[in-house]
Every structure is written in C-alpha cells, then in structure tokens.
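Subject: Structure for your review

Dear colleague,

Please find the structure below, together with its sequence. A summary of the findings follows it.

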Amino acid sequence: MQESEGLPRPLATRSAIDPFIVMDVMAAANARKAKGHDVIHMEVGQPGTPAPRAARERASEALRIERLGYTEALGMPELRARIARYTAERYGVPVAPERVVVTSGSSAGFVLAFLALFDAGDAIGLPSPGYPCYRQIANALGLAPRLIETSGQGRWMPTAADVEKLAAEGAAGLLLASPNNPTGTMTLAPRLREIAQACRKHLLWLISDEIYHGLEYEAPAETALAHSDAAIVVNSFSKYFSMTGWRIGWMVVPEALVRPIERLAQNLYISPPAISQVAALGAFDGIEELEAIKAGYARNRAMLLEELPCAGFTTILPADGAFYLYADVSRFAPDSEALAKAMLREIGVAVTPGIDFDPVHGRNYLRFSYAGPEPAMREAARRITAWMR
Ligand SMILES: Cc1ncc(COP(=O)(O)O)c(C=O)c1O
C-alpha cells in the first residue's frame, strides 16, 4: 500500500528513508515473545544489564526530591564538567567543560552535528559496513552520503587515501566509528592520526563516533581529540555505561561550534532529559560494576569465537571491540536476511542481517550481538550449532 494513500498530498520524500532493520528485527522478536515463544536477543546492540546501581540510586533520589525541569540546552553544568574530567582522565586529553554538549543519546548528537556542519546537498563519507542510521539521518536531512567501501586489508576501516578521494569528490566530511558497528574492528592511533591530518589538510570535518569506547579487547581505543582540535566527537551512555533506554549521550566539539549547536538544541529538543542527566552523573561512580559487565562481554566473545566456527561460521571479522561479531554466511545462504528470519522462526535466536549495515555486500553477512546475559549467549550458541548441523 502507498504510504500516502488517503492523505491530502504525498508525504515528503525525505521521509522515505530505509528502516533501521535492527529495530524491525527486535520488534519481530518481541512479537514472537508476546505469543509465548522463547527468544534470545542477539539482534540489538544493547547490554542485558541495567544502568549501574549508582546511576539508578541518583535517579530514584532525584524523583523523590527534585523538580526535574528543563535543564540548559547544552546539559547540566555538573554533568558537562564530569564528562570533561572523564575525558581527561581516560585519554590524557584536557577538554574544557564548555566544549561538552549533552545530548538525547548519541542519535541526537548526529542530527545536531549534521545540521551544524553541513548544508543540504553536502557529501559526507561513511565507511561501509557501518552503522545504518548515519546514512538514513543524512538522507532525511538532504545530505549526500558517500559510502566508502572498506576491506580486510585496511581492517575494515577507512584510510587517509579514502579522505583524499573524498576530498577530490568535493565531500564536506567523514564520519568514522572505532570500534565500529557491525564489524567490531578498530582504527589504531597511527591511522587515526593520518586520517585526522588528511581531513585537516583537505578541509573536511571529521566526526568520530566513540560510542563503543571502553569496550575494547585487544588494544585501547584512541580518541580523535588526541589528533585534532577540530574533530567532533560523539559519545553515549548507552553502551559501556549500560544505559540504552535512558537516551543520554554527549559530544565534544570545537569551541566555535558550541553556540551554533546550542541554538539548534534549544529549538529542536529544548534540553536532554533531566532525570537521565542526573543518572548519568551517578554512572561515573559505577565504573567497577561496568568493568565487571565488560568482563562478561569478553567471556561471551571468547565463547562465541570458539563456538560459531563449529557451526560453520568460520569467517568472522577481527572482533577488536564493541560487542558484535560480523560473520560471512554466504556459504550457507544467498541472502542472510532469509537466514536470519529462519533462525528466529526455527530456533528463537534473533540476529541482524548485514544488509542493514552494508547495502552492497551485506547480504553475505550476519551480525551477532553478544551483549546479552552469559547463559543466554551460551544457549544461543548451542541452538545455532545444533541447527546448522
Ligand atoms: C555506532 C553507533 N552509533 C550510535 C548509536 C546510537 O546510540 P544511542 O543513540 O543510544 O547513543 C549506535 C546504537 O546502536 C551505534 O551502534
């Protein structure tokens, strides 16, 4: 059925963006669960754990005694200062609290950054495979996403040569994520420096999505802030801090960008949710708990890297960080979407087809999220292995 049927005129073409398939698969998995079927979630990138206890306690105290009105559009000053301190302690890079912008999840950060940096029609380089919402948000805002094909040779991450190419095509920016979703691969310091320098030289904005920082298993993640004062860093309490549903994140931006972003934030969202900002302040007191959660991811990762090859999934991209395994399943099915649907239907394991992350080669891949509880991840591995035999 045409979406505009029965409406006075056609919908805006900007609304005709692709769905975020992860969320569609999650809805299908939830529908199965509601009908009484048992479902294990490996489709969605969210921790199986709640927010750290300190975060929940701060929120519950605030509910009792605070008004929880609008905050400043850039976020509560105490939280901005705490994020600046965390950044300095974690990376050894000093950041003035005034450069920190609190957002409604990193998702709002992308909208604010794209609106502040790019005009309609501007091209933006997006490494592929990559997080699908970048290109969908860009399309909705009238930007021109340019997918950069990555490969095993470059550890599935962009290179300085890609920046040169983007510049030659007149692009206005590059967005990269390290660790990346769906691959889990990372760009280490020397390459990140080269990319930052190339962006500087060719006058491209560099947006660094650092939402999976804290979740590295081989080498620590490097912040773009260490290599460029002009980089826009997007981060979130969703992943390492285990706070997806609180919808709270942050950006670190160049000083000159603060006021334009403030104006956008005031008008688009007024302020990020107050209760979540209070909880986020508490989350910094929960690092010990969060490190224990991360140790669980590391065990899930090790278990799946052993078990999935036994199920026949022998080609898995280097899982340096985040909580994903991206496996080539082309030996088993011409279209991983069909395989994902059958897996949910027949053994109750929800996974995401690669087409969400890579419109060109994604049909060859499945993404497994191992952020769920350890017993559930073990049971999923058992079901998948038995099913594939
Ligand atoms: C790479 C990446 N960036 C951003 C997001 C958005 O997260 P949030 O809006 O919860 O901060 C996600 C969510 O899965 C992600 O994988």
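**Salt bridges and a helix pair**

The model is predicted, and a total of 14 salt bridges is counted in it. Three of them are described here individually.

In one, the side chains of aspartate 320 and arginine 155 come together, with 2.7 Å from N to O. These partners lie 165 residues apart: aspartate 320 is in the loop between α10 and β9, and arginine 155 is in the loop between β4 and α6. Aspartate 320 has a relative accessible area of 6%, so it is buried, whereas arginine 155, at 36%, is partly exposed.

Another salt bridge joins glutamate 374 to arginine 299 at 2.9 Å, N to O. Here two helices are linked, with glutamate 374 in α12 and arginine 299 in α10, 75 residues apart. Glutamate 374 is partly exposed at 22% relative accessibility, and arginine 299 is partly exposed at 46%.

Aspartate 335 and arginine 363 also form a salt bridge, their closest N and O atoms being 3.0 Å apart. The two residues are 28 residues apart in the chain.

Helices α4 (residues 105-117) and α8 (residues 255-268) pack at an angle of about 120°, and their axes are 10 Å apart. The pair is therefore classed as oblique. The crossing of α4 past α8 is right-handed. Among the residues that meet are Val111 and Leu112 of α4, and Leu257 and Ile261 of α8. The contact comprises ten nonpolar residues, with no polar and no charged ones.

Yours sincerely

Technical notes
Residues are numbered from 1 along each chain as its sequence is written. This is a predicted model: local features need pLDDT of at least 70, side-chain atom pairs count only at pLDDT 80 or more; totals for chains, interfaces and linings use all residues. Side-chain values use heavy atoms; hydrogens and water are left out. Axes are lines fitted to C-alpha atoms, for helices over the stretch in contact, and angles run from 0 to 180 degrees between N-to-C directions. Helices (H or I, at least four residues) and strands (E, at least two) are DSSP runs, numbered from the N terminus. Angles under 35 degrees count as roughly parallel, over 145 as roughly antiparallel, 65 to 115 as roughly perpendicular and the rest as oblique. A crossing is left-handed if the near helix is turned anticlockwise from the far one by less than a right angle, and right-handed if clockwise. Contact means heavy atoms within 4.5 Å. Ala, Val, Leu, Ile, Met, Phe, Trp, Tyr, Cys and Pro count as nonpolar, Asp, Glu, Lys and Arg as charged, and the others, Gly among them, as polar. A salt bridge is a side-chain nitrogen of Lys or Arg within 4 Å of a carboxyl oxygen of Asp or Glu. Buried means under 20% relative accessible area, exposed over 50%, partly exposed in between (1.4 Å probe, protein chains only).
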